[in-house]
Amino acid sequence: MDALRDLIEAGAVRPAVGRTYPLAEASTAVGDLAAGNAPGKLVITVDSGTPG
């Protein structure tokens, strides 16, 4: 586990994100996942409405 942590901290291990979807398109993301159209992980983003 220490070796894995070191790799993650060094940026050598990164998740394969296929696409990001805004929260309003979550149903589309689920449909793409169910249809097998996800080449990597799907990420749902939430805009808090406040900058930064």
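In this predicted model, Arg5 pairs with Glu9 in a salt bridge (a side-chain nitrogen of Lys or Arg within 4 Å of a carboxyl oxygen of Asp or Glu), with 3.8 Å between the closest N and O atoms. The two residues sit 4 positions apart in helix α1, about one helical turn; helices here are DSSP runs of H or I with at least four residues, strands are runs of E with at least two, and both are numbered from the N terminus. Glu9 is exposed at 61% relative accessible area, while Arg5 is partly exposed at 41%. On this scale, buried means under 20% relative accessible area, exposed means over 50%, and partly exposed lies in between, with a 1.4 Å probe and protein chains only.

Arg5 also meets Asp2 in a salt bridge, at 3.1 Å from N to O. Both residues belong to helix α1 (residues 2-9) and lie 3 residues apart, again about one turn of the helix. Asp2 is exposed, with a relative accessible area of 51%. A further salt bridge joins Arg19 and Asp32, whose closest N and O atoms are 3.9 Å apart. This pair links distant parts of the chain, with Arg19 in strand β1 (residues 17-22) and Asp32 in helix α2 (residues 26-34), 13 residues apart. Arg19 is partly exposed at 41%, whereas Asp32 is buried at 18%. Through shared partners, salt bridges connect Asp2, Arg5, Asp6 and Glu9 into one network. The structure holds 4 salt bridges.

Turning to the whole protein, the secondary structure consists of 2 helices and 2 strands, in the order α-β-α-β from the N terminus. The C-alpha atoms fill a box of roughly 40 × 35 × 15 Å along the principal axes. Of the 52 residues, 6% count as buried.

Residues are numbered from 1 along each chain as its sequence is written, and side-chain values use heavy atoms, leaving out hydrogens and water. Because the model is predicted, local features need pLDDT of at least 70 and side-chain atom pairs count only at pLDDT 80 or more, while totals for chains, interfaces and linings use all residues.
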